[in-house]
Amino acid sequence: ITMNTTGFSCNWDSGQVGFIFVDEAKATEIGWTKQYAETLAKGDDPKYKGKTREEYDREISKLLEKYEVNLVLLIGYMKLMSEEFVRKWRNKVINIHPSLLPAFAGGMDLNVHQAVLDRGCKVSGATLIYIDEGPDTGPIIDQRVVQISSNETSDTLKTKVQKLEGQMLVDFLKNEKIDFRK
């Protein structure tokens with residue numbers, strides 16, 4: 001669940017991952033992507049290179065439609081989605097962010113955790129949101145808090161928050177009552 005720069009989707013009916021789209025080749029080195037995905041598409045494939053954001057998102061939409069995806073989880077996916085994509089997939093795409101939004105929106109990875117520590121925060125956490133057109137500005141689904149210890153580093157805080165993120169995603173998928181079926 002904490003794999004960087006990866007978007008993946010789950011088949012709501014079976015609870016199985018049915019399709020994984022990875023926008024960085026290095027993410028495919030993690031074994032579970034091949035174990036759980038029927039199909040693996042890579043964003044660094046030459047057919048995706050040189051496309052505008054809108055063109056790229058249309059290609060992703062085609063893949064999502066082809067595999068009848070009804071819920072998309074973005075995990076470490078560092079691209080803003082186009083307005084067209086957001087409209088088409090509204091309330092079907094969720095993102096996890098390693099801070100208590102709106103604080104530290106738009107930041108990524110260790111930079112977020114270091115910014116939290118530099119500000120002297122006593123708590124941090126994670127936020128699960130539906131995506132919208134902005135960076136980490138969508139409607140909040142869930143937020144959870146972790147305490148920051150006096151000897152916290154960005155690495156130890158990242159570990160705490162990633163554990164929290166994983167649990168939030170699992171809880172969301174287990175408990176969500178919204179019908180994502182088309």
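How many residues does helix 2 have, and how far does helix 2 reach from its first C-alpha to its last? Helix 2 covers residues 53–66, which makes 14 residues, and it reaches 20 Å, close to the 20 Å expected at 1.5 Å a residue. The expected span here is 1.5 Å times one less than the number of residues in the helix.

Before going further, a word on the model and its numbering. This is a predicted model, in which local features need pLDDT of at least 70 and side-chain atom pairs count only at pLDDT 80 or more, while totals for chains, interfaces and linings use all residues. Residues are numbered from 1 along each chain as its sequence is written, and side-chain values use heavy atoms, with hydrogens and water left out.

Let's start with the overall plan. The protein chain has five helices and seven strands; helices (H or I, at least four residues) and strands (E, at least two) are DSSP runs, numbered from the N terminus. Read from the N terminus on, the order is β-β-α-β-α-β-α-β-α-β-β-α. The chain has 182 residues, and 43% of them count as buried. Buried means under 20% relative accessible area, exposed means over 50%, and partly exposed is in between, with a 1.4 Å probe and protein chains only. The chain exposes about 9700 Å², with carbon and sulfur atoms supplying 49% of that area; accessible areas come from the Shrake-Rupley method with a 1.4 Å probe, and for residues only the protein chains shown count as cover. Among contacts (heavy atoms within 4.5 Å) between residues at least 6 apart in sequence, 60% join residues at least 24 apart.

Now back to helix 2. Its buried residues are Tyr56, Asp57, Ile60, Ser61, Leu63 and Leu64. Seen down the axis of helix 2, these buried residues fall within an arc of 160°, so they line one face of the helix. The arc is that of the directions from the helix axis to the C-beta atoms. Just after helix 2, Glu68 takes a positive phi of about 50°.

Next come the strands. Strand 4 and strand 5 run parallel and are joined by three bridges, with Leu74 standing opposite Asn95 in strand 5. Two strands pair if DSSP finds at least two bridges between them. Strand 5 is mostly covered, with five of its five residues buried. Val93, Asn95 and His97 point one way from strand 5, while Ile94 and Ile96 point the other way.

On to strand 6, which pairs with strand 5 in the antiparallel sense over four bridges. Here Ile94 stands opposite Tyr130 in strand 6. Strand 6 also runs antiparallel to strand 7 (residues 140–147), and seven bridges join the two; Ala126 stands opposite Arg144 in strand 7. Seven of the eight residues of strand 6 are buried, so this strand is largely enclosed by the rest of the structure.

Helix 4 packs onto these strands. Its buried residues are Val112, His113 and Val116. They fall within an arc of 95° seen down the axis of helix 4, so they line one face of the helix. These residues pack against strand 5, strand 6 and helix 5. The face turned away from the buried side carries the exposed residues Asn111 and Asp118. Ala115, also in helix 4, is partly exposed, with a relative accessible area of 27%. Just after helix 4, Gly120 takes a positive phi of about 80°.

Helix 5 has 22 residues that should span 32 Å at 1.5 Å a residue, and its end C-alpha atoms are 31 Å apart, which agrees. Its buried residues include Leu157, Val161, Met168, Leu169 and Phe172. Among the elements that cover the buried residues of helix 5 are strand 4, strand 5, helix 4, strand 6 and strand 7.

What do these pieces build together? A nonpolar core is a set of buried Ala, Val, Leu, Ile, Met, Phe, Trp, Tyr and Cys residues joined through side-chain atoms within 4.5 Å. The largest such core has 19 residues, and those with the most contacts inside it are Ile94, Leu128, Leu157, Met168, Leu169 and Phe172. Strand 4 (72–75), strand 5 (93–97), helix 4 (109–119), strand 6 (123–130) and helix 5 (154–175) each give two or more residues to this core. Helix 5 gives the most, with six residues. A second, separate core of 15 residues includes Leu64, Val72, Met81 and Phe85.
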